[in-house]
Amino acid sequence: MIEFQNISKIYNPGTPEAYTALHNISFAVKDEEFVAIMGPSGSGKSTLMHILGCLDTPTSGTYTLDNKDVSTMTDNELAEIRKDKIGFVFQSFNLLPRTTVLRNAMLPLVYAGIAPREREARAIDALHASGLTEEHFSHLSNQLSGGERQRVAIARALVNEPTLILADEPTGNLDSHTSLLVLETLQRLNREHGVTIVLITHESDIAGHAARIIRVRDGIILSDEKNETVRDAATETRLYDDLKRL
Amino acid sequence: MRNRDLIDETYFALSANKVRSGLTVLGIVIGIASVIALTAIGQGAQTSIQTSIQSIGSNLIEVLPGAARQFGFGASGGRGTARSLTVDDENAILQVANVAAVSGEFTNRYQIAAAGANTNTMVTGVNASYAAIRNLTIDQGSFITDNQSLSLAKVAVIGPTVVTDLFGASAVSSDAIGQNIRINNIQFQIIGVTKTKGGSSFGSQDTMVFIPLGTALQYFAGNGNAYLSTIDIQATDQSAMTQVQNDVTALLLARHNMSDPTKADFSILNQTDLVTAASSVTSTLTMLLAAIAGISLIVGGIGIMNMMLTNVTERMREIGLRKAIGATEKDINNQFLVEAIALTFLGGIFGIALGWGISFVVTLSGLLTAQVTLSSILLASGVSAAIGIVFGWYPARQASKLNPIDALRYE
């Protein structure tokens with residue numbers, strides 16, 4: 001359960017370069033929701049993502065995550081929250097280079113203090129859940145395709161069973177086909193495993209795969225509504241494959 | 001983060017760039033190895049000089065005629081040129097407390113001939129106690145006795161080098177016993193040969209010829225010139241040497257009717273002083289060598305810092321990611337600090353091994369016996385650990401303070 005109450009973020013407050021990125025934003029995300037936050041560059045969605053991901057704190061307002069007020073925490077407390085409650089998927093994957101898929105997926109568990117044997121079992125489960133098979137596990141991260149890399153990153157985000165997976169432009173570096181594969185993975189995780197997902201994107205095509213779309217512009221929420229026509233990535237992938245065969 | 005994971009991550013990070021890690025370690029290896037090898041060589045030189053001084057006798061005090069030599073200032077007559085020490089002085093010294101033995105010496109260089117061969121060497125008139133004072137051991141025959149000195153016997157004890165000079169390169173010590181030689185045209189019978197002692201910085205006893213002091217004074221000192229060239233005194237033990245030196249000085253000043261010790265017509269050389277002086281020179285030298293080696297250790301440390309700073313920049317996004325998935329500042333700080341310490345630790349181990357190897361090779365080469373001391377190893381290990389922490393601290397702190405948002409965006 002995520003709740004933003006009157007969140008504002010001002011960079012360099014009190015100086016001539018002061019810049020307000022977010023104005024009094026309030027919204028809530030319930031467990032097992034799939035929400036897309038959509039807006040063009042400069043809309044404040046990155047700032048929103050940083051605060052949502054506990055990488056940054058708001059200038060004012062309250063952010064409650066699993067009944068904890070995280071808006072005034074110190075850096076080290078935030079690190080603890082990120083470790084336990086948040087999984088990140090980045091546009092540029094951010095896998096450890098020259099490192100095996102399995103080791104990449106296990107990384108968050110190293111900081112969580114999980115015993116090595118359990119780590120491996122949990123990483124294998126997470127990799128399966130994100131659609132990768134045993135043959136990939138011993139591959140080095142730089143030997144994978146973009147889609148595979150992003151699925152390793154999703155597995156890594158999934159491995160410590162977070163409250164929230166925060167996907168920041170996860171398809172930004174991928175072609176449309178692999179984008180669909182990644183979205184399919186996210187949709188499946190949401191439906192079958194009940195994972196809460198917040199997807200940040202500037203493309204309405206991508207946002208269309210979420211059940212709810214929040215549009216932001218100039219630091220305020222333009223609209224926050226249920227998506228009546230959720231696109232199903234699995235169906236689209238099949239269509240794509242059929243078209244290709246013809 | 002568990003310690004095992006920290007070690008695992010460190011191994012992973014360092015082996016990801018083996019050449020760079022290897023070269024950085026090499027800097028520390030060279031630093032540590034040179035500290036150990038150079039101090040070992042310095043220690044070896046010190047011991048070798050001390051042994052060399054000890055070999056001229058044990059608890060030895062020498063009284064030389066003539067004023068005390070001032071190092072570096074003024075000129076002084078050579079040893080034995082002044083005429084101020086007499087046999088009576090020698091006998092008086094024997095009464096001083098804690099004196100174990102006394103032997104006067106009368107030394108001069110003469111032509112020595114035997115069976116057609118001849119050589120020119122130092123001939124020294126000595127008492128029976130000389131052998132004990134000067135750590136002289138007899139290989140064949142016997143040493144001079146006090147009775148031979150009293151009866152002015154024409155007998156000689158010669159060094160092994162003199163044996164080969166006079167009786168051919170293949171001659172052994174026993175061949176010389178009983179043979180007659182002519183010293184300055186006076187016939188002497190050889191009664192003993194000394195054991196090979198080897199050269200020292202203070203002249204080799206192997207080339208010397210010893211005859212009874214009485215005989216020397218009678219036949220070689222000339223009319224009324226019965227002055228000694230040296231009086232050798234052996235103190236009962238090391239701790240008594242200063243007292244013996246002071247008492248002998250007082251005694252001789254009184255006997256020579258002198259009140260001002262600075263104008264004494266003799267000088268006293270204390271073996272302990274020599275050892276101390278030589279030790280202080282060599283230990284200064286050792287420190288100098290170690291200091292020069294220490295500079296290379298610092299350069300090695302800077303190499304580590306350089307590598308770690310490069311590492312932090314190169315792995316900026318990795319640091320950002322680690323922070324995003326829950327690594328605390330302490331986790332990141334430890335990770336980079338342990339990497340730096342691991343590099344110096346490896347450098348330390350290989351450096352100690354290499355330093356030891358160099359010392360071993362130096363010893364094998366026969367120049368001197370290099371001595372690797374525990375203290376130099378401890379010092380080198382301590383310094384390398386300190387370098388790891390000092391030079392690793394700053395980059396590790398840089399890494400741990402990174403803002404995860406900026407680090408993730410870093411291109």
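Me: A strand here is a DSSP run of E of at least two residues, numbered from the N terminus. In which strand of this predicted model does A:Asn6 lie?

Reply: A:Asn6 belongs to β1 of chain A, the strand that covers residues 2-11. Its phi is near 50°, a positive value in a residue other than glycine.

Me: Why does B:Asn184 count as partly exposed?

Reply: The partly exposed class lies between the limit of 12 or fewer for exposed residues and that of 20 or more for buried ones. With 14 C-beta neighbours inside 10 Å, B:Asn184 therefore counts as partly exposed. B:Asn184 sits in the loop between β6 (180-183) and β7 (186-194) of chain B, and its phi, in a residue other than glycine, is also positive, near 50°.

Me: What makes β6 and β10 of chain A stand at the edges?

Reply: The strand order of this open, six-stranded sheet of chain A is β6-β7-β8-β3-β9-β10, with mixed pairing. Both β6 (86-89) and β10 (220-226) have a single partner strand, so one side of each is left without a neighbour in the sheet. Neighbouring strands of the sheet are turned against each other by 15° on average, direction ignored.

Me: How do you know that β3 and β8 of chain A pair, and in which sense?

Reply: Pairing needs at least two bridges found by DSSP, and strand β3 (residues 34-38) and strand β8 (residues 196-201) of chain A have five, in the parallel sense. Among the residues concerned, A:Ile37 has A:Ile200 of β8(A) as its bridge partner.

Me: Which residues touch the most other members of the largest nonpolar core?

Reply: They are A:Ala105, A:Val198 and B:Ile36, in a core of 120 residues. Helix α2 (residues 18-54) of chain B gives the largest share of this core, 13 residues. Leaving out residues up to four places away in sequence, A:Val198 touches A:Val29, A:Val35, A:Ile37, A:Leu52, A:Leu164 and A:Leu166. A second, separate core has 49 residues, including B:Val126, B:Tyr130, B:Val157 and B:Met208.

Me: How many residues does each chain give to the contact between chain A and chain B?

Reply: Chain B gives 18 residues and chain A gives 20. On the side of chain B that touches chain A, α11(B) supplies the largest share, five residues. By class, this side of chain B has nine nonpolar, two polar and seven charged residues.

How values were computed. Residues numbered from 1 in each chain as written. Chains lettered and ligands numbered in written order. Predicted model: local features only at pLDDT ≥ 70, side-chain atom pairs only at ≥ 80, totals over all residues. Contact = placed C-beta atoms within 7 Å. Helix = DSSP H or I, 4+ residues; strand = E, 2+ residues; numbered from the N terminus. Nonpolar A, V, L, I, M, F, W, Y, C, P; charged D, E, K, R; others polar. Axes fitted to C-alpha atoms, helices over the stretch in contact; angles between N-to-C directions. Core = buried A, V, L, I, M, F, W, Y, C linked by C-beta atoms within 7 Å.
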